[in-house]
Amino acid sequence: MKYMLIMRATDEAVEAYKDEPFEQVVEAMGKYNESMIKAGVLAAGEGLTDAAEGFVVDFSAETPLITDGPYGETKELFNGFWIIEVSSREEAAEWASRAPLGKGSFLEVRRVTDASDFPADNEWIEKEAGWREEHAQRAQQ
């Protein structure tokens, strides 16, 4: 099973982060990532730029509305993520609890859906499975 660990923070955590030496933060994250790589569970992971560089596409109206960031409250912002492949929800929780995050930070952990979550006889599910297989074959070449 794949799980996404979604990194979020409060205003308090953002302020505390500013006081942390950058090299120390990078080292802690690097060691955490390395432990997941060595365990064979890390599928992906990235940090994100400041919300001020982002934008939101709102589909509430007939024509989608694009609004520049920052947007929402700090605790609602998505700061980075990891995708891990583990055998259970409990294992995902164990890895999430090891993240080198400080007070005021939190991880939202969500299972990533796969083809088994959808009807197997759906045309688009079948097409996507084919696309993924083609992509995997091209990546191996």
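Me: Which residues is M7 in contact with, leaving aside its neighbours within four places in sequence?

Reply: In this predicted model, M7 is in contact with M29, L77, F78, N79, G80, W82, L101, F106 and L107, once neighbours within four places in sequence are set aside. One of these, N79, is 72 residues from M7 in sequence, yet the two C-alpha atoms are 5.3 Å apart in space.

Me: Is M7 buried or exposed?

Reply: Buried means under 20% relative accessible area. M7 has 16% relative accessibility, so M7 counts as buried.

Me: How do strand 1 and strand 6 run, and how many bridges join them?

Reply: They run antiparallel, joined by 8 bridges, with strand 6 covering residues 105–112. Strand 1 also pairs with strand 5 in the antiparallel sense, over 6 bridges. On that side, M4 has I83 of strand 5 as its bridge partner.

Me: How many residues of strand 1 are buried?

Reply: As a general idea, side chains in a regular strand alternate between the two faces of the sheet. In this case strand 1 is mostly covered, with 6 of its 8 residues buried.

Me: What about R8: buried or exposed?

Reply: R8 is found in strand 1, which spans residues 2–9. The relative accessibility of R8 is 15%, so R8 counts as buried.

Me: Which side chain does the side chain of R8 join in a polar contact?

Reply: That of E108, at 2.9 Å. Not counting residues up to four places away in sequence, R8 touches K75, E76, L77, F78, N79, S105, F106 and E108.

Me: Where is S88, and is S88 buried or exposed?

Reply: S88 sits in the loop between strand 5 (80–85) and helix 3 (89–97). With 18% relative accessibility, S88 counts as buried. A polar atom of the S88 side chain lies 3.0 Å from the backbone nitrogen of E91. Beyond four places in sequence, S88 is in contact with M1 and Y3.

Me: Which residues form a nonpolar patch on the surface?

Reply: F55, V57, F59 and I66 form the patch, and together they have about 440 Å² of accessible area. F55 belongs to strand 3 (residues 55–58). Exposed means over 50% relative accessible area; the value for F55 is 51%, so F55 is exposed.

Conventions: Residues numbered from 1 in each chain as written. Predicted model: local features only at pLDDT ≥ 70, side-chain atom pairs only at ≥ 80, totals over all residues. Heavy atoms only, no water. Patch = residues over 30% accessible without salt bridge, like charges linked within 9 Å, V, L, I, M, F, W, Y side chains within 5 Å. Areas by Shrake-Rupley, 256 points an atom, 1.4 Å probe, with all protein chains shown as cover. Salt bridge = Lys/Arg side-chain N within 4 Å of Asp/Glu carboxyl O. Helix = DSSP H or I, 4+ residues; strand = E, 2+ residues; numbered from the N terminus. Buried < 20%, exposed > 50% of the residue type's maximum accessible area, 1.4 Å probe, protein only. Polar contact = N/O pair within 3.5 Å; in protein donor to acceptor, adjacent residues only side chain to side chain. Contact = heavy atoms within 4.5 Å. Pairing = 2+ DSSP bridges.
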